[in-house]
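I opened this model to look up two things.

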Amino acid sequence: MPSILKVKGLSTTFSGKHGDTTVVDGVDFELGKGEILGIVGESGCGKSVTSLSILQLLGKKGESSGVIQFNDMNLLEQSEKAMRGIRGRDISMIFQDPMSSLNPILTIGKQIGEMIEIHEEASGAERKLKVIGLLKKVGIPRAEEIYREYPHRLSGGMKQRVMIAMAIACNPAVLIADEPTTALDVTIQAQVLDLLKGLQKELNMSIILITHDLGVVAEMCDRVVVMYAGQVVETADTRTLLRSPKHPYAKGLVHSASLVSNENKRLNSIPGQVPLPGQFSSGCRFADRCEYVLDVCRRSQPSLSKLDKNTTCRCWLYGSKEAVQ
Amino acid sequence: MTYLLNRIFSGIIVIIGISIFSFFLIHLIPGDPVRMLLGQNATNEEVARLTTYLGLDQPLMVQYKDYVVNTLQGDLGTSIKTGRPVLTEILERFPETMKLAAAGILIATVLGISVGVISAQYKGSFIDKLSMTFATLGVSIPGFWLALVVIMLFSVKLGWLPIAQGTGIRDLILPAMTLGVLASTMISRLTRNGLVEILSNDFVRTARAKGLAERMILIRHALRNALIPVVTVIGLQMAALLGGTVIIEQVFNWPGLGTLAIGAISTRDFPLIQGTILFMGVVYVTINILVDFLYTVIDPRVELSAKGGK
């Protein structure tokens, strides 16, 4: 599969009062054309920052280095003006909380129409027609009415559909969905995921789906990147990851998702917490929580090494070499 | 609609309250108001005549009823000093006050919002700190002091503008500037803080992810949200200014409602005092209802929250 987006050695650092904090540290992954790639991990592992880094939406205090290759250009080298042309048109994004992601005092029609206004030449009437078409496409009933409505009149699921309509308005090549269903009811979650999957096929988009829910991954993704403490610890196709996770952290995630039934019927969990950025040890960052921990794990950090064509893993147990720091 | 009807209804209640207050004002003054009006040398006959003329010999309820009936017919009584109808006196002065208030609010709004936007955009910078220090100063500086300072500076020292002579454009500049600068400080502070808060909202991130330029985000998405509370404050300040900026009008010798009220008080012209109070009250309430109406235009959520707080 040809790749449309290649992330190599992405590091993102935030400057603060107490010095700089590196939140994303040397992340590599590729997104294939027409692929749905999952990025999973606990809260605070750098998933969202990775996705915001791609679009350079980090604000004044965030700074990324590395390479983000998209259509023969490195996004990290583009000017702010060039990035504005890419955001929404080539790569668009939907966010976790649809409740607060829409402007409360502008109509739905205006907010979706704005996307078209920025990136395409269209008259007001054409734009309206297109927006109504988009609303219908994302399964919103009474599209003409909703066009004139304000966000507070819509339910959470409807708002997320509006966000999706906005995101696909200019037929982007890549859609980044940052926990798109986390804030929604379970029944609505499935609908929204189905919608995303349908649109992905119809528009031949590539999707980066950020989630902490392996159920969502199993349902949606072709491949998965597992992140821990700002690093990629494993990449694999979804089937392989769910059946035989390699990295102890990935194992823990799969077990705690209780997709695998276990005998004592208790929910598994991984003891401990993700270390805070700035408090990473010089060894493997998962060592303190790992049940297979070796002496070498505490001394030095393993590199991300290739196990087979589709699988990479960052662990001393799988023949990693010492990472270049 | 229920929202606005509610507001209008409560506005009417307030006006009735004001009318009762202004009516009883004359009875709250210790001693015989008529004797105070005429002075110690007045004969009993004169006192009796004025008492009858003012209707003060009637029972209280009858007096109030007459007062309400007359007021509803647009008759606010007759000024004791000038002998002219109170309403005529007020309507003569009101345009001058309106001129001053409008100019003051215009300056306050333009200045306040601009300073607020600039401060928010350069949050934490020297410009931000400087303008917010001025905003704090502006809230604590008394109006009459600033008025004297601008007179000293622009009229006496520099000689650019006249001191308290007429009501032309050149005469308007100094009082309007004084009012405007003072009123702008609260507006700029509110705009700045509102914007800073709004700019950290998720929907601003959505706007950025669309590829919108920062300037457009500020104008289209942030400013309108941030201005919702600012509109209230502008409305209240407008109402306060229309009620006669008593001190500023006095300092600049501006022939508006404020100077009329002060004149009426110092000459104990009761019908004129009563009429001015009632008029100011009605203006204040009307402006407030207009602001509430404006709310529904700016913020689509308001209409809903009035219908049972959903």
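**Entry 1: the interface**

On the side of chain B that touches chain A, the elements giving two or more residues are α9, α10 and α14 (301-306) of chain B. α9(B) has the largest share of that side, 6 residues. By class, that side of chain B divides into 8 nonpolar, 5 polar and 8 charged residues. (Ala, Val, Leu, Ile, Met, Phe, Trp, Tyr, Cys and Pro count as nonpolar, Asp, Glu, Lys and Arg as charged, and the others, Gly among them, as polar.) Helices (H or I, at least four residues) and strands (E, at least two) are DSSP runs, numbered from the N terminus.

I noted the basis of the values: this is a predicted model, in which local features need pLDDT of at least 70, side-chain atom pairs count only at pLDDT 80 or more, and totals for chains, interfaces and linings use all residues. Residues are numbered from 1 along each chain as its sequence is written, chains are lettered from A and ligands numbered from 1 in the order in which they are written, and side-chain values use heavy atoms, with hydrogens and water left out.

I then looked up contacts (heavy atoms within 4.5 Å): 21 residues of chain B touch 27 residues of chain A. I found 3 salt bridges between the two chains, counting a side-chain nitrogen of Lys or Arg within 4 Å of a carboxyl oxygen of Asp or Glu. One salt bridge joins the side chains of R220(B) and E114(A), at 2.7 Å from N to O.

Which elements give two or more residues to the lining of the largest pocket? I first noted its volume, about 1200 Å³. I found β4 (62-70) of chain A, with α5 (86-121), α8 (169-199), α9 (202-209) and α10 (214-242) of chain B. A pocket, on a 1 Å grid over the protein atoms alone, is an open set of points where a 1.4 Å probe fits, with protein on both sides within 12 Å along at least five of seven lines; lining residues have an atom within 4 Å of a point. Grid points are joined across faces, edges and corners, and a volume is the space filled by probe spheres set on the points. α9(B) gives the largest share of this lining, 4 residues.
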